[in-house]
Amino acid sequence: MRILSIETSCDETGISLLDIDTQDDGTQVEVLANELTSQASEHEEYGGVYPTLAKRLHAQNFPHLLARICDQVATTSIDNIPKAQQEQIQKWLKRHPGYANGLIQLIQDRGAPTADVITVTVGPGLEPALWVGINTARSISLVAETPVMPVNHMRGHLLSTCVPHSHDKTFRLQDPPLPAVALLVSGGHTELIHVAENTTTKIGQTRDDAAGEAFDKVGRLLDLPYPAGPHVSQLAQKARQQPSNKDEEGYTLPRPMIDADNCDFSFSGLKTAAARLIKKRELLDEDTRACIAQSLESAIVDVLAATTKRAAHQVDAQAILAGGGVTANTQLREQLQDVAETCSAELYLCPLDLATDNAVMIGLAGFASYSDNPDEAYLPPANQIGADSRLAI
Ligand code: KG4
Ligand code: ZN
């Protein structure tokens, strides 16, 4: 089946078209088209994602991405969108001046990508940003008569761990042995999920900041651009390659809850300790920044790895899965490798190109949700203006 997927939960606008087919020997995926635009540079001056700007940029970017998708795939022509439908789309997209007209014009000119289902992220995420994706999905659904399947963003990160490491446009989804434990670690979430045959259960989560948030907030204090995670990691690498003669002890940061008797996390104290460390240094030269970056990265990665190990023991995991933006971190990937070996579990790390937000993982989540319960895909009623209980955030 063909799945058109839409992701707008944070500061990445993504659309993809997947062709997914399940046979006796597994699930074969072909990425027919995949487009992604990051708004990171626009949010930089705010030091984080500014929701109103994110919403505006999603509406601005979407038609360009959709046009690029239409260049690559088969489309169904929709020459004349009836007036009543146009009015409905105007109502859904009324908060974004000019967007409805642009989208209607584009669809009339280019058609809509031919799909069996449209999947869209309905949460978790920034509410104004999510609504752009949801209302766009509803609009395309209305004119193309294609049902919409609401999906959870974190399920997308979870499913991305089943994509083979070095994958082409066509790949077979991996089928990890169960029970498994999944570490989902991103800018907004840090959680551990017990994945069993027919259920997924959250067994741990952050009590305050997410790991990615700790990277981003401390990185900002180190004058690094947003999102700071990859930059902190690069600086830390520099410190590792050119060990300075700085007093290492003075740079050690705490590892909150590393020995806890549960699988929760807490990164806010670590962030405060790092902020204090930065404030104490009068001169924040390159060496000092690199030492702090290394210390921060080691503390976060140690806690993530130790807690994942505890969770793996708790559920007797046969596999450890890890997805989300922070799993792009090389130190984390290496330490999870060690954890998996110690626990005699197989490791399923999401491929680097699918670690941060993207629409391919949303398409995979949409397919999984559809396979579980096809009745959840539906044609949104045309006369609904605001919230729709099935497309609720
Ligand atoms: O999954 P994601 O794209 O967005 C959310 O769903 O939040 O994750 C983004 C997060 C940011 O906090 C970013 O700094 C972090 O992932 N990140 C990294 C690295 N690459 C991205 N953190 C540490 N090391 C990296 N290499
Ligand atoms: Zn995410």
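Predicted model: local features only at pLDDT ≥ 70, side-chain atom pairs only at ≥ 80, totals over all residues.
**Helix α4**

Next I asked which residues of α4 are buried. My list reads Y99, A100, L103, I104, L106, I107 and Q108. I recall that an α-helix has 3.6 residues a turn, so residues three or four places apart point the same way. What do the buried residues of α4 pack against? I found α2 (51-72), α3 (83-92) and α5 (127-144).

Just past the end of α4 I noted G111, with a positive phi of about 80°.

Setting aside neighbours within four places in sequence, I have T75 in contact with C70, R110, G111, A112, P113 and T114. A polar atom of the T75 side chain lies 3.4 Å from the backbone oxygen of R110. I count T75 as partly exposed, because its relative accessible area is 33%. For scale I also checked T75 against K217: they are 142 residues apart in sequence and 43 Å apart in space, C-alpha to C-alpha.

**Ligand 1**

Then I moved to the ligand. Which of the 18 residues around ligand 1 come nearest? They are G187, D216, G229, G325 and D357. Two of these glycines gave me backbone distances to look up. A backbone N or O atom of G187 sits 2.9 Å from an oxygen atom of ligand 1, and for G325 the corresponding backbone distance to a ligand oxygen is 3.0 Å. From a side chain, an N or O atom of N329 is 3.1 Å from a nitrogen atom of the ligand. I then checked the cover: ligand 1 has 560 Å² of accessible area on its own, and the protein covers 89% of it.

I sorted the shell by type and got six nonpolar residues, ten polar and two charged. By element, α6 (153-160), α7 (211-221) and α8 (229-241) each supply at least two residues. The most comes from α7, with three.

I wrote down A211, G212, A214, F215, D216, V218 and G219 as buried. D216 is also among the residues nearest ligand 1. The cover over the buried residues of α7 includes β9 (180-185), β10 (190-195), α8, α9 (268-280) and α10 (286-314).

The loop between α7 and α8 holds D223, and I stopped there, as its phi is positive, near 65°. Is D223 buried or exposed? It counts as exposed, because its relative accessibility is 62%. P227 lies in that loop between α7 and α8 too, and the peptide bond joining Y226 and P227 is cis, with omega about -10°. I noted both because most residues other than glycine have a negative phi, and most peptide bonds are trans.

I found another cis peptide bond from G123 to P124, with omega near -5°. P124 belongs to the loop between β6 (117-123) and α5. D316 has a positive phi as well, near 50°, and is in the loop between α10 and β12. I marked D316 as exposed, because its relative accessible area is 54%.

T327 is in the loop between β12 (319-323) and α11 (330-342). Why do I call T327 buried? Because its relative accessible area is 0%. Not counting residues up to four places away in sequence, T327 touches V185, A322, L332, R333, C350, L352 and A355.

I15, in strand β2 (12-23), is also buried, at 0% relative accessibility. Its contacts beyond four places in sequence include L4, A33, F62, L65, L66 and A359. I15 and V120 are 105 residues apart along the chain, yet I get 9.4 Å between their C-alpha atoms.

My last entry is G363, in helix α12 (359-372). G363 is buried at 0% relative accessibility, and outside its sequence neighbours within four places, it is in contact with I3, S5, L18, I20 and T119. From G363 to L221 I have 36 Å, C-alpha to C-alpha, across 142 residues of sequence.

Definitions and conventions: Residues numbered from 1 in each chain as written. Chains lettered and ligands numbered in written order. Heavy atoms only, no water. Buried < 20%, exposed > 50% of the residue type's maximum accessible area, 1.4 Å probe, protein only. Helix = DSSP H or I, 4+ residues; strand = E, 2+ residues; numbered from the N terminus. Contact = heavy atoms within 4.5 Å. Near = heavy atom within 4 Å. Polar contact = N/O pair within 3.5 Å; in protein donor to acceptor, adjacent residues only side chain to side chain. Areas by Shrake-Rupley, 256 points an atom, 1.4 Å probe, with all protein chains shown as cover. Nonpolar A, V, L, I, M, F, W, Y, C, P; charged D, E, K, R; others polar.
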